[in-house]
Amino acid sequence: MDPQIIKLDKTTVDAEIGNRSIDRTFSELIPKEDLVSVDQFFSYYDKLFYDIPRDGATSHKTLIDQSTEFYGNYQDPKDEIIRDLEKQILDLNNQLLNNDLSGIEELELEEKQEKTIKVNLTLEGGKKLGKKKDRKKKRYKVTFTDFEGFKTVKQGSYNKYRKETFEFKGKPDFYQIDIFGRVDRRGSSKDWVHEYGSGIVSFTNDSPDVIVEDISIPKVKR
């Protein structure tokens, strides 16, 4: 058997031409790691800003903490502004407090001064008015009302109040005095009546410390 002869054709390429036309790198076999430039990073960051969670491992807080730690001794300019504002607030509070205290002192100076209202009361009719036994009954009432509506009531007989002086205490702005009483008439079903109402009596801190009221009440048949 005749030996088979296989002819091998070898095509050679000039080295310079080969370098230009053949990719001799391994880029297709070992992929390179994708690198992101700083500009690209911030471009992505701007696009993803509202998608990044506030807290967590991959969050705005993590970025802030890592950046602050790397920066070292970071001072936020807002902190200085906040400190200045807090100092201003403290100063204003102190001023308001001082003004309030001075206002209180003025109020204390203007506090209503208590006065004595002295009432000299005369019930007309004489010591023998009406029935004797009825003159002894506590059928007469003197009422003093101050500006706050508080009432002081004094009750007694005609004999006691026929000529009597009362003293009441009151502060501005006003007071009111009301008096009413009756005595049985002899030989009649009707009474002798004494009735009085001062209405509103105004006074101020400038009024005398003792205000005197002379009240004389005529007897009326009823």
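Here is a short chat about the salt bridges, core and surface of a predicted model.

Me: What kind of model is this, and what does it leave out?
Reply: The model is predicted, so local features need pLDDT of at least 70, side-chain atom pairs count only at pLDDT 80 or more, and totals for chains, interfaces and linings use all residues. Residues are numbered from 1 along each chain as its sequence is written, and side-chain values use heavy atoms, with hydrogens and water left out.

Me: OK, how many helices and strands does the chain have?
Reply: There are six helices and nine strands. Both are DSSP runs numbered from the N terminus: helices are H or I with at least four residues, strands are E with at least two.

Me: And how many salt bridges?
Reply: The count is nine. A salt bridge here is a side-chain nitrogen of Lys or Arg within 4 Å of a carboxyl oxygen of Asp or Glu.

Me: Why would such side chains pair up?
Reply: Opposite charges can pair when the charged atoms come close.

Me: Which residue does Arg222 pair with?
Reply: Glu195, at 2.9 Å from N to O. Arg222 sits in the segment after β9 (220-221) and Glu195 in strand β6 (residues 191-197), so the pair ties together parts 27 residues apart in sequence.

Me: Which residues get joined into a network by shared partners?
Reply: Asp134, Lys137, Arg139 and Asp184 are joined into one network. Within it, Lys137 bridges to Asp134 with the closest N and O atoms 3.4 Å apart, and Arg139 meets Asp184 at 3.4 Å, N to O.

Me: Is Asp134 buried or exposed?
Reply: Asp134 is buried, with a relative accessible area of 1%, while Lys137 is partly exposed at 41%. Buried means under 20% relative accessible area, exposed over 50%, and partly exposed in between (1.4 Å probe, protein chains only).

Me: New topic: which residues touch the most other members of the largest nonpolar core?
Reply: Leu121, Tyr175 and Ile177, out of 22 residues in that core. A nonpolar core is a set of buried Ala, Val, Leu, Ile, Met, Phe, Trp, Tyr and Cys residues joined through side-chain atoms within 4.5 Å.

Me: What is Ile177 in contact with, leaving aside neighbours within four places in sequence?
Reply: Its partners include Ile117, Val119, Phe144, Tyr196 and Ile215. Contact means heavy atoms within 4.5 Å.

Me: Last one: what share of the chain is buried?
Reply: Buried residues make up 21% of the 222 residues.
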